[in-house]
Amino acid sequence: MAARWKGVSDTSQQLDEFLNDIKAKYDALENKSQVGIYGGGALAALWLSSAVIGAVNRLPLVPKVLELVGLFYTGWFVYRYLLFKSNKREL
């Protein structure tokens with residue numbers, strides 16, 4: 001059981017180090033408002049892309065066509081790069 005809690009304390013320590021690094025980098029910034037603007041822009045872009053994907057997903061034929069395109073591309077990728085030994089080195 002001690003090993004179980006050791007993993008939790010290691011994770012907690014890593015999280016503390018990560019948060020301290022982020023805080024140090026944020027404190028070192030000269031223009032802190034720019035971080036907020038970029039963060040807000042990233043959230044707006046994420047929301048917009050989610051709305052566009054949701055709208056495309058509601059169209060009757062488009063999701064199946066995109067799924068088929070993805071399946072063909074995956075097959076091509078496997079054939080082109082993963083099937084033969086000489087092509088694996090190219091990848």
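Arg80 lies over the face of Tyr81, at 5.1 Å from the ring centre, where a charge counts as sitting over a ring if NZ of Lys or CZ of Arg is within 6 Å of the ring centre and within 35 degrees of the ring normal. This is a predicted model, in which local features need pLDDT of at least 70 and side-chain atom pairs count only at pLDDT 80 or more, while totals for chains, interfaces and linings use all residues. Residues are numbered from 1 along each chain as its sequence is written, and side-chain values use heavy atoms, with hydrogens and water left out.

- Arg80 is found in helix H3, which spans residues 62-82; helices here are DSSP runs of H or I with at least four residues, numbered from the N terminus.
- With a relative accessible area of 29%, Arg80 is partly exposed, a class that lies between buried (under 20% relative accessible area) and exposed (over 50%), as computed with a 1.4 Å probe on protein chains only.
- Once its neighbours within four places in sequence are left aside, Arg80 is in contact with Asn87 and Glu90, contact meaning heavy atoms within 4.5 Å.
- The C-alpha atoms of Arg80 and Glu30 are separated by 48 Å, the two residues being 50 residues apart along the chain.

**Aromatic residues**

- The structure holds three aromatic pairs, a pair being rings of Phe, Tyr and Trp (its six-membered ring) whose centres lie within 6.5 Å, with planes under 30 degrees apart counted as stacked, over 60 as edge-to-face and the rest as tilted.
- The rings of Tyr73 and Trp76 have centres 5.6 Å apart and planes at 35°, so this pair is tilted.
- Tyr73 and Trp76 are separated by about one helical turn, because they are three residues apart in helix H3.
- Tyr73 counts as exposed at 52% relative accessibility, whereas Trp76, at 42%, counts as partly exposed.
- Trp76 also forms an edge-to-face aromatic pair with Tyr81, at 6.0 Å centre to centre and with 85° between the planes.
- Tyr81 is buried, its relative accessible area being 18%.
- Tyr73, Trp76, Phe77 and Tyr81 form one aromatic cluster.

**Another charge over a ring**

- Lys32 lies over the face of Tyr26, at 5.5 Å from the ring centre.

**Confidence**

- The protein averages a pLDDT of 86, and 90% of the residues score at least 70, pLDDT being the predictor's confidence in each residue, from 0 to 100.
- Among the elements of the protein, helix H2 (residues 32-58) has the highest mean pLDDT (92) and helix H4 (residues 85-90) the lowest (76).
- Where pLDDT is low, the predicted coordinates should not be read in detail.

Notes
Helix = DSSP H or I, 4+ residues; strand = E, 2+ residues; numbered from the N terminus.
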